[in-house]
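The sequence and structure are shown first.

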Amino acid sequence: MISERPIKTAYEKNRPNVVLGTHLEYLAFVTNGATIRVTFRAVQEQATRSSDGAYVTPGGLPLGTITAYCDGRDVCPDFIN
């Protein structure tokens with residue numbers, strides 16, 4: 001079964017596989033049974049301000065997801081988008 005919420009699932013089911021300060025990257029796999037259909041990455045920024053301190057997020061909340069993409073593909077399948 002394919003998840004209809006791949007970004008949320010990547011965050012909920014996995015720990016980040018890349019941690020660089022407040023920069024986090026999550027790796028997830030969309031499967032169809034035992035077959036990996038798509039390798040998916042979601043990139044999150046947990047900072048509440050820019051590195052120079054000039055910009056602060058509203059309410060002091062972290063930036064959150066800044067990008068998500070499918071490895072080895074120019075375009076993600078529709079169910080990812």
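How many bridges join β3 to strand β4, and in which direction do the two run? Six bridges connect them, in antiparallel orientation, with β4 covering residues 64-70.

## Basis of the values

The model is predicted: local features need pLDDT of at least 70, side-chain atom pairs count only at pLDDT 80 or more, and totals for chains, interfaces and linings use all residues. Numbering starts from 1 along each chain as its sequence is written, and side-chain values use heavy atoms, with hydrogens and water left out.

## Strand pairing

Helices (H or I, at least four residues) and strands (E, at least two) are DSSP runs numbered from the N terminus; two strands pair if DSSP finds at least two bridges between them. β2 and β3 are antiparallel and joined by ten bridges, with Thr31 opposite Ile36 of β3. Their hairpin has two residues between the strands, and Gly33 there adopts a positive phi near 75°. On β4, Cys70 is the bridge partner of Phe40.

## Val43

Val43 lies in β3 and is buried (under 20% relative accessible area; exposed is over 50%, partly exposed in between; 1.4 Å probe, protein chains only), at 6%. Its C-alpha atom is 5.9 Å from that of Leu24, 19 residues apart along the chain. Beyond four places in sequence, the contacts of Val43 (heavy atoms within 4.5 Å) include Tyr11, Leu24 and Ile66.
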